Amino acid sequence: MFIPIFQFEEIIMQTDLDLTDRKLLKALQDNARLTTGELAQMTQLSQSPCWRRIKRMEESGLIAGYQARLSRRALGYGVMAFVMIGIDHQNDARSTEFEEAVQAIPEVVMFHGISGPEDFMLVVVARDLDHYSTLLQTRLHRLPGVRQVRTSFSLQEFKGFEGLPIPAPAQAGE
């Protein structure tokens, strides 16, 4: 029996986003360091209405936060691995234990419950293959309930995460 440790988030489409909101989202996603004055100028608003729009999108959860994108290679992480993990006999306690153990590994930069033959996918960074091998043997194989671990390595990144597509406004009649 599979008991998911994740909850499907309720999907709420922001249907009240106008063209100005969409411009603000795109601009902030491209460069979160833009000032309210710069954003206002880009959207032909004055600063106060611009600030209020951004604040509304923050409070609604549409803007979940601001952060810098760091270069993994510049930080010395030359290896990126996609790790598929299957676990045995899931129950609530074991799932929570597994989730907490994975989240305690700093080299795990993404962690998803997935469909398919495995239960989870992790994206793991490591300095080199020796570092990854040590992580695999001392941390990943020792995670609670692990039945199977399968790793694929990124050989070349063609497109990294640059942001989400901003949905176009719904057309009349949709």
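Predicted model: local features only at pLDDT ≥ 70, side-chain atom pairs only at ≥ 80, totals over all residues.
The expected span of a helix is 1.5 Å times one less than its number of residues.

**Helix α4: length**
- Helix α4 covers residues 92-103, so with twelve residues at 1.5 Å each it should span 16 Å.

- Ser95, Phe98 and Val102 are the buried residues of α4.
- Those residues take up an arc of only 65° around the axis, so they lie on the same side of α4.
- Here's the general rule behind that kind of pattern: an α-helix has 3.6 residues a turn, so residues three or four places apart point the same way.
- As for what covers the buried residues of α4, the list includes β1, β2 (108-113), β3 and β4.

**Strand β1: burial**
- Strand β1 runs over residues 79-87 and is mostly covered, with eight of its nine residues buried.
- β1 is also among the elements covering the buried residues of α4.

**Strand β1: its partners**
- With strand β3 (residues 120-126), β1 runs antiparallel, and seven bridges join the two.
- Within that pairing, Ile85 stands opposite Phe120 of β3.
- β1 also pairs with strand β4 (residues 146-153), again antiparallel and over seven bridges.
- Here Met84 has Arg150 in β4 as its bridge partner.

How values were computed:
Residues numbered from 1 in each chain as written. Heavy atoms only, no water. Buried < 20%, exposed > 50% of the residue type's maximum accessible area, 1.4 Å probe, protein only. Helix = DSSP H or I, 4+ residues; strand = E, 2+ residues; numbered from the N terminus. Pairing = 2+ DSSP bridges. Arc of directions from axis to C-beta. Contact = heavy atoms within 4.5 Å.
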